Amino acid sequence: MTAVPDPHARRAWRDGLGVALATSAYGISFGALAVASGLDIWQTCVLSLLMFTGGSQFAFVGVIGAGGLAAAPAAIASAALLGVRNVAYGMRMSPVIGGGFWRRAAAAQFTIDESTAVSLAQESPRARLLGFWVTGLGIYLGWNLSTLAGALLGDVLGDVRAYGLDAAAAAAFLALLWPRLRRRQAIAVAAAAAVVAVVLTPVLMPGLPVIVAALVAIVVGWSNWLGRDASAGATGVATGREPDDVPEREGLP
């Protein structure tokens, strides 16, 4: 008997590999920038192997590049602030990953913006788990390879940001978010967080705008200022299940 392909699994593979490809390409920019900021090639590669959170890595080398080794404490602080968001991701992804110390310990290294977004965009528990691992492992492998390539070829490539690799990663992330903005409350949360982040980025140290924007999103979302659409509420009551725009809530306690 021929097994029927799972469309949700196929979508998880497609989303995960697509995002991994777009995000990994941006690692070339990090490798080139890190070496230009004074790090050795091996130091640059170790950052990607162990830190593995793009925003924190760019913040670290940016501060080091501006202030040298004397700025190391500020660089570490900036990187740590940006990395705080991964704690929230870990809490949200816990029911998706499941129990077991070693499984959760392994998942912690791959809990980043992209793996969380791809996972929560899927429509079934199995697809969410698959999307998480495909994206996380794919980006980890690709990011480290492209970091090495950027560190080795930085002088040849010049300013790799001119190639638009940073825009490719952001576009992939936005493509996952966009289909979820189908109700007024979701749009309000996204818009409020985006406005706060844009306004605060020029005046606060790296990492703080992300944290403040996350807090604003929590306040707007929790307060439910715009309320639920009447049709969504009626559907939920009539069918006894959640609205279609929040499939990721399945599996939560």
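Colleague: Does Val35 count as buried, partly exposed or exposed?
Modeller: This is a predicted model, where local features need pLDDT of at least 70, side-chain atom pairs count only at pLDDT 80 or more, and totals for chains, interfaces and linings use all residues. Residues are numbered from 1 along each chain as its sequence is written, and side-chain values use heavy atoms, without hydrogens and water. Buried means under 20% relative accessible area and exposed over 50%, with partly exposed in between (1.4 Å probe, protein chains only). Because its relative accessibility is 30%, Val35 counts as partly exposed.

Colleague: Which element holds Val35, and what is the phi of the glycine that follows this element?
Modeller: Val35 lies in helix 2, residues 27-36, where Gly27, Ser29, Phe30, Gly31, Ala32 and Ala34 are buried. Helices are DSSP runs (H or I, at least four residues), numbered from the N terminus. After helix 2 comes Gly38, with a positive phi near 115 degrees.

Colleague: Where does Phe52 lie, and what is its phi?
Modeller: Phe52 sits in the loop between helix 3 (41-50) and helix 4 (54-67). Its relative accessible area is 4%, so Phe52 is buried. Phe52 is not a glycine, yet its phi is positive, about 45 degrees.

Colleague: Which residues does Thr53 touch, leaving out those up to four places away in sequence?
Modeller: Thr53 is also placed in the loop between helix 3 and helix 4. With a relative accessible area of 8%, Thr53 is therefore buried. Counting contact as heavy atoms within 4.5 Å, and leaving out residues up to four places away in sequence, Thr53 touches Arg85 and Asn86.

Technical notes. Helix = DSSP H or I, 4+ residues; strand = E, 2+ residues; numbered from the N terminus.
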